[in-house]
Amino acid sequence: MSADELKGFLATAVALAKEVGPAFKDGFWRKGQFANADDFAVEGKKGNAADCVTAVDCHIERVLFSRLRSIYPHHKFVGEETTAECGDAAITDDPTWIVDPVDGTNNFVHHHHFTGVSIGLAIDKQPVVGVVYLPILDELYTGIRGQGSFLNGQRLPLVGPLTTPTSLAQCMMVSEHGSSHDETMHSRMRSLTRLLLAKEHGGAGLESLRFAGAATSDMSLIAKGVAEVHWEIGLHAWDIAAASVIVTESGGAVFDGSGWWGLPEGEREPQPLNIWNRKIVSVRYIPDLPGQPGSGRELQIQLAKELLSVVEDIPCTPDGLH
Ligand code: LIP
């Protein structure tokens with residue numbers, strides 16, 4: 001795929017994200033076409049109130065897919081709501097649009113501003129184009145593999161000059177507890193506790209922890225350079241496909257998030273992210289500064305290792321294998 005073809009895909013995704021912006025805002029403020037509470041109607045998927053869907057999610061996904069299908073009839077499509085309804089995601093090497101119409105639906109229903117539209121394109125199963133649009137914050141993040149990432153046209157990362165964190169003790173981390181409030185919550189909470197506990201109490205001594213409520217918002221903080229590390233288990237390809245391009249193109253790094261806690265000691269390396277595997281670690285851009293103990297890339301790997309060595313691996317079925 002040429003650089004110009006990828007630019008064309010990005011232009012389409014940006015135009016579509018902007019097109020659905022007004023419906024997103026109407027839904028968020030319950031006005032216009034979503035003024036009527038009955039039209040809005042929140043449902044918990046499979047009876048789980050924390051994993052909810054609204055009329056806005058379904059409307060936006062329908063609009064995005066019908067436009068994309070008419071422009072790219074030979075491409076494949078994976079969307080949060082369609083997949084939840086049909087029960088499976090078609091994962092092939094073909095160009096595949098991966099869409100979350102409202103990422104952070106729980107935030108959305110509570111009028112919490114960290115919520116947005118996520119449109120990613122994967123080719124050969126690798127994300128190459130990403131658009132994350134947070135309409136309430138008026139933030140449009142874009143990225144193309146090999147061509148950089150931007151927030152409202154300004155190159156990422158935004159925050160600078162960035163410091164060099166050499167351990168989790170200097171990191172703000174973003175994470176989510178996820179919407180499956182099942183028995184795996186014990187493992188998630190034990191992992192977070194272990195991360196936060198001071199070193200003298202046997203923990204990793206993480207400096208601070210934040211929950212934005214949506215993977216796209218978490219990852220936009222990493223791409224901006226606001227937060228240093230991000231870890232989540234149990235999310236889906238539509239939560240991270242677009243944002244992973246935006247993070248890596250900001251100079252950040254993404255890895256598989258399977259934890260190593262409790263496994264036999266040994267030399268381990270963070271593995272590349274597989275967006276369908278539902279486990280992620282992201283680390284923000286770290287500059288190469290004179291006198292620091294390693295290159296920016298080496299320090300990103302070091303932080304990912306430190307994190308993975310104290311979190312547990314929580315089993316979840318990869319996307320496409322339901
Ligand atoms: C959400 C993700 C979040 C995760 C939630 C849910 P949704 O997406 O952004 O990271 O913790 O369980 O998957 O369902 O709001 O689009």
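**Exercise 1. The ligand and its polar contacts**

Task: Which side chain has an N or O atom 2.8 Å from an oxygen atom of the ligand?

Solution: 
- Step 1. Start with aspartate 100, whose side chain has an N or O atom 2.8 Å from a ligand oxygen atom. A polar contact here is a pair of N or O atoms within 3.5 Å; within protein, one must be able to donate a hydrogen and the other to accept it, and residues adjacent in sequence count only if both atoms are side-chain atoms.
- Step 2. Turn to glutamate 80: a polar atom of its side chain lies 2.8 Å from an oxygen atom of the ligand. Valine 102 contributes through its backbone, with an N or O atom 3.2 Å from a ligand oxygen atom.
- Step 3. Look at the whole shell. The ligand is surrounded by 13 residues, the closest being Glu80, Asp100, Asp103, Thr105 and Glu232; a residue is near the ligand if one of its heavy atoms lies within 4 Å of it.
- Step 4. Sort the shell: 3 residues are nonpolar, 4 polar and 6 charged. For this sorting, Ala, Val, Leu, Ile, Met, Phe, Trp, Tyr, Cys and Pro are nonpolar, Asp, Glu, Lys and Arg are charged, and the others, Gly among them, are polar. Strand E4 supplies the largest share, 3 residues.

Before moving on, please keep in mind that this is a predicted model, in which local features need pLDDT of at least 70 and side-chain atom pairs count only at pLDDT 80 or more, while totals for chains, interfaces and linings use all residues. Residues are numbered from 1 along each chain as its sequence is written, and side-chain values use heavy atoms, leaving out hydrogens and water.

**Exercise 2. Aromatic pairs**

Task: How many aromatic pairs are there, and which parts of the chain does the pair of phenylalanine 24 and phenylalanine 108 tie together?

Solution: 
- Step 1. Apply the rule: rings of Phe, Tyr and Trp (its six-membered ring) pair if their centres lie within 6.5 Å, with planes under 30 degrees apart counted as stacked, over 60 as edge-to-face and the rest as tilted. The count comes to 8 aromatic pairs.
- Step 2. Take phenylalanine 24 and phenylalanine 108, an edge-to-face pair with 5.0 Å between centres and 80 degrees between planes. Phenylalanine 24 belongs to helix H1 (residues 3–29) and phenylalanine 108 to helix H5 (residues 105–109), so this pair ties together parts 84 residues apart in sequence. Helices (H or I, at least four residues) and strands (E, at least two) are DSSP runs numbered from the N terminus.
- Step 3. Check burial. Phenylalanine 24 is buried at 0% relative accessibility, and phenylalanine 108 is buried with a relative accessible area of 0%; buried means under 20%, exposed over 50% and partly exposed in between (1.4 Å probe, protein chains only).
- Step 4. Compare tyrosine 72 and tryptophan 97, a stacked pair at 5.5 Å centre to centre and 20 degrees between the planes. Tyrosine 72 is in the loop between helix H3 (55–71) and strand E3 (76–79), and tryptophan 97 is in strand E4 (residues 96–103), so the pair ties together parts that are 25 residues apart in sequence. Tyrosine 72 is buried at 13%, and tryptophan 97 is buried at 0%.
- Step 5. Over the ring of phenylalanine 40 sits the charged end of arginine 30, 3.8 Å from the ring centre; the rule asks for NZ of Lys or CZ of Arg within 6 Å of the ring centre and within 35 degrees of the ring normal.

**Exercise 3. Backbone exceptions**

Task: Where is histidine 111 placed, and which residues does a cis peptide bond join?

Solution: 
- Step 1. Recall the background: most residues other than glycine have a negative phi, and most peptide bonds are trans.
- Step 2. Histidine 111 is not a glycine, yet its phi is positive, about 60 degrees. Its place is the loop between H5 and strand E5 (116–123), and histidine 111 is partly exposed at 40% relative accessible area.
- Step 3. Aspartate 138 also has a positive phi, about 55 degrees, and lies in the loop between strand E6 (126–134) and strand E7 (139–144).
- Step 4. The cis peptide bond joins leucine 156 and proline 157, with omega about 0 degrees. Proline 157 is in the loop between strand E9 (154–155) and strand E10 (172–175).
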